[in-house]
Amino acid sequence: MKIGDLEIAQVMFKLARKDNWGHKYDRLEHFKRFQNLDDIVKELKRRNWLIKYDKPNFTGIALNTQFKKEIVDFIKQQLPHLSEMIK
């Protein structure tokens, strides 16, 4: 199944809203409501927009601060109604 940019933006928005950038990560299990989560994570890792932390008991994910401008612009483009909520 092809994942859409909207789904990708929704996952990134959730991470950004919770301020999960760089070494401040969130558990992957907190994102299980997204049906194509594995594909979204693969796509974001391919773009280097996501950092994945493999811990003994869980996997953590955070947005890559090196691409903050591109990530924020992408989220604002896909979710314009939420653009005021992201910095």
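Predicted model: local features only at pLDDT ≥ 70, side-chain atom pairs only at ≥ 80, totals over all residues.
**View 1. Residue D26 in strand β1.** D26 is a residue of strand β1, where helices (H or I, at least four residues) and strands (E, at least two) are DSSP runs numbered from the N terminus. At 9% relative accessibility, D26 counts as buried, a term that stands for under 20% relative accessible area, while exposed stands for over 50% and partly exposed for what lies in between (1.4 Å probe, protein chains only). Setting aside residues up to four places away in sequence, D26 touches L15, K18, N20, F31, T59, G60 and I61, a contact being heavy atoms within 4.5 Å.

Residues are numbered from 1 along each chain as its sequence is written, and side-chain values use heavy atoms, with hydrogens and water left out.

**View 2. The protein as a setting for the close-ups.** The protein has 3 helices and 3 strands, and along the sequence these follow the pattern α-β-α-β-β-α. The C-alpha trace spans about 35 × 30 × 20 Å along its principal axes. With 87 residues, a compact globule would have a radius of gyration near 12 Å, and the 12 Å of the protein agrees with this; the radius is taken over C-alpha atoms, and the globule rule is 2.2 Å times the number of residues to the power 0.38. Of the 87 residues, 45% count as buried. Among the contacts with a separation of 6 or more, 63% are accounted for by residues 24 or more positions apart.

**View 3. The sheet of three strands.** The strands form an open sheet of 3 strands in the order β1-β3-β2, with antiparallel pairing; two strands pair if DSSP finds at least two bridges between them. The edge strands are β1 (26-27) and β2 (50-54), each of which pairs on one side only. Between β1 and β3 the antiparallel pairing extends over 2 bridges, and R27 stands opposite G60 in β3. Between β2 and β3, which also run antiparallel, there are 5 bridges, and the bridge partner of L50 in β3 is L63. β2 and β3 form a hairpin, with 4 residues between them.

**View 4. Helix α1 against the sheet and against helix α2.** Helix α1 (residues 5-17) lies across β1, β2 and β3 and runs at about 90° to β3; axes are lines fitted to C-alpha atoms, for helices over the stretch in contact, and angles run from 0 to 180 degrees between N-to-C directions. The axes of α1 and helix α2 (residues 37-46) come within 10 Å and cross at roughly 80°. The two helices, α1 and α2, are therefore roughly perpendicular to each other, a description that covers 65 to 115 degrees, whereas angles under 35 degrees count as roughly parallel, over 145 as roughly antiparallel and the rest as oblique. Their contact is made by E7, I8, V11 and M12 of α1 together with L37, I40, E43 and L44 of α2. By class, this contact has 6 nonpolar, no polar and 2 charged residues; Ala, Val, Leu, Ile, Met, Phe, Trp, Tyr, Cys and Pro count as nonpolar, Asp, Glu, Lys and Arg as charged, and the others, Gly among them, as polar.

**View 5. Residue E43 in helix α2.** E43 lies in helix α2 and, at 17% relative accessibility, counts as buried. Leaving aside neighbours within four places in sequence, E43 is in contact with I3 and I8.

View 6. Most residues other than glycine have a negative phi. D19, in the loop between α1 and β1, has a phi near 60°, a positive value in a residue other than glycine, and D19 is partly exposed, with a relative accessible area of 43%. N48, in the loop between α2 and β2, has a phi near 65°, again a positive value in a residue other than glycine, and N48 counts as partly exposed at 44% relative accessibility. N64 lies in the loop between β3 (59-63) and α3 (68-78) and is buried, with a relative accessible area of 11%. Not counting residues up to four places away in sequence, N64 touches W21, N48, W49, L50, I51 and I71.
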